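Okay, thanks everyone for coming.

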Amino acid sequence: MLVMQSLTQRLANPSNFMALSARLLPWCWVVAAGLIGSGLYLAFFGSPPDYQQGQTVKIMYIHVPAAWLSMLIYTLIALSSFGLLVFRHPLADVSAKAAAPLGATFTFLALATGSLWGKPMWGTFWVWDPRLTSVLILLFLYLGLIALRSSIEDEALAAKLTAVLSLVGIAILPVIKFSVEWNSLHQPASVMRLGAPTIHASLLWPLFVMALGMTVLFTALQLKAMRNEILRRRVKALRRIAATSAADLSQQPAE
Amino acid sequence: MELGPHAVYIWSAYGVVVVTLAALIGWLVADGRRQQRLIEEIEARGLGGTRSRR
């Protein structure tokens, strides 16, 4: 706990974060590429077809990690928002802002790959099922966070309002989690559940490696997006200083 | 590799993921370079250079 507190305090300085992330990023890209490459090899050459779904189960290896990440990223945004509103951590808003487009992307991927899995299995690309609909609402929530922030010019106000919306929106996560039990066409949880996973180890291992690889990939994307946001804020600060200097000069009486 | 009668759905799903993630990574890299270039331009003009002059 103390180590975490010390780390978050040290990272409160954007310069420390930039230095640390510059060292971490190359490793994240390499580890993500290695894990995803291994996961794809295991998925296509090391795992059997499903006894019911045949080879379409291959879609699971990208669909499930994308779906997990869509919820994980929203949790990160909510935690960052809490950090901004309660602790006023300088990097909390940077983290929340950087994560929103990434969350929207992974949610879109979960919906798109789920739809392409649904067509051969259910006979339709889309159905207004509780799971699918709640994930679609999550996508709209991500888009809403992005739109709200970009519609307000005052950055501090935009950060606070976006943080409040993201904390309210966290109610969608338990809805998504339990929606498969509400007369849903979607299959029930087979990995993240009370008790042992119901999925066979030969399918579970490639899924686990892919999920880990995609999570490390998200970590790299998040670090990169946060670095970009810090640079963007630095550009704005430099322009503000330039504008103030120019105004000061113009007010000085000519000698 | 034989992916059966639903191969088109499997390849389409992987295709969507590859194209979307490649676009996302490309956008992030381009955005980072753009911000870095803007900082260098401002500092090169001596604007906002109070920090570097100190």
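**Confidence, chain contact and a helix pair**

So, let's begin with confidence in chain B: the average pLDDT is 86, and 85% of its residues score at least 70. Keep in mind that this is a predicted model. For the model's overall scores, we have an ipTM of 0.87 and a pTM of 0.89.

Okay, on to where the chains touch. On one side we have 24 residues of chain B, in contact with 29 residues of chain A. Which helix gives the most to chain B's side? That's H1 of chain B, residues 7–44, with 17 residues. By class, chain B's side has 14 nonpolar residues, nine polar and one charged.

Now over to chain A, and a pair of helices there. H4, residues 92–122, packs against H5, residues 130–151, with the axes 9 Å apart and an angle of about 155°. An angle over 145 degrees counts as roughly antiparallel, and therefore that's what we call H4(A) and H5(A). The crossing of H4(A) past H5(A) is left-handed.

Who makes the contact? From H4(A), the residues include A:Ala100, A:Gly103, A:Phe108 and A:Leu111. H5(A) brings, among others, A:Leu132, A:Val135, A:Tyr142 and A:Ile146. Sorted by class, this helix contact has 15 nonpolar residues, three polar and two charged.

Technical notes:
Residues numbered from 1 in each chain as written. Chains lettered and ligands numbered in written order. Predicted model: local features only at pLDDT ≥ 70, side-chain atom pairs only at ≥ 80, totals over all residues. Axes fitted to C-alpha atoms, helices over the stretch in contact; angles between N-to-C directions. Helix = DSSP H or I, 4+ residues; strand = E, 2+ residues; numbered from the N terminus. Parallel < 35°, antiparallel > 145°, perpendicular 65-115°, else oblique. Left-handed = near helix turned anticlockwise from the far one by under 90°. Contact = placed C-beta atoms within 7 Å. Nonpolar A, V, L, I, M, F, W, Y, C, P; charged D, E, K, R; others polar. pLDDT = per-residue confidence, 0-100.
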